[in-house]
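The sequence and model come first, followed by the notes.

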Amino acid sequence: MKKSSEMEELPVIACSLNADEMPERRRRWGVLLEGALLERTEIPAGVRLVLATGDGVEEELRALAALERDCCAFASFDVRAAAGRIALEITSSGYGVAAVRELFL
């Protein structure tokens with residue numbers, strides 16, 4: 001059995017969305033990625049999504065990243081724009097890395 005100090009270090013890997021909110025969130029991600037995704041790459045601590053900028057892409061990606069930060073506190077959502085592309089790096093640590101990959105790869 002683990003010591004209590006070791007157990008306290010484990011991240012809580014959970015999403016606070018309820019069952020009614022999940023389909024709409026998945027739909028929004030699907031629409032965004034279907035129309036703009038250029039690259040989906042596994043990185044050491046998670047996943048990088050690269051999208052082509054276009055009509056509302058950056059705004060929707062930033063909005064979704066903000067929503068995900070609120071409901072998935074175990075992960076970081078870092079948005080960076082450059083040269084006609086916008087990238088989202090979704091990272092975590094420990095067991096959170098596998099969760100991020102399961103959700104976004």
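## Cysteines

Cys 72 is buried, at 3% relative accessibility, where buried means under 20% relative accessible area, exposed over 50% and partly exposed in between (1.4 Å probe, protein chains only). Cys 71 is also buried, with a relative accessible area of 6%.

The structure has 0 disulfides, a disulfide being a pair of cysteine sulfur atoms within 2.5 Å. For Cys 72, the closest cysteine sulfur is that of Cys 71, at 3.6 Å, which is too far for a bond.

## Basis of the model

The model is predicted: local features need pLDDT of at least 70 and side-chain atom pairs pLDDT 80 or more, while totals for chains, interfaces and linings use all residues. Residues are numbered from 1 along each chain as its sequence is written, and side-chain values use heavy atoms, without hydrogens and water.

## Largest pocket

The largest pocket has a volume of about 300 Å³. A pocket is an open set of points on a 1 Å grid over the protein atoms alone, where a 1.4 Å probe fits, with protein on both sides within 12 Å along at least five of seven lines; lining residues have an atom within 4 Å of a point. Grid points are joined across faces, edges and corners, and the volume is the space filled by probe spheres set on them.

Its lining comprises 14 residues, with Arg 26, Trp 29, Glu 68, Leu 103 and Phe 104 nearest the centre. α2 (22-36) and α4 (95-104) each supply at least two lining residues, and α2 gives the most, with 6. Helices are DSSP runs (H or I, at least four residues), numbered from the N terminus.
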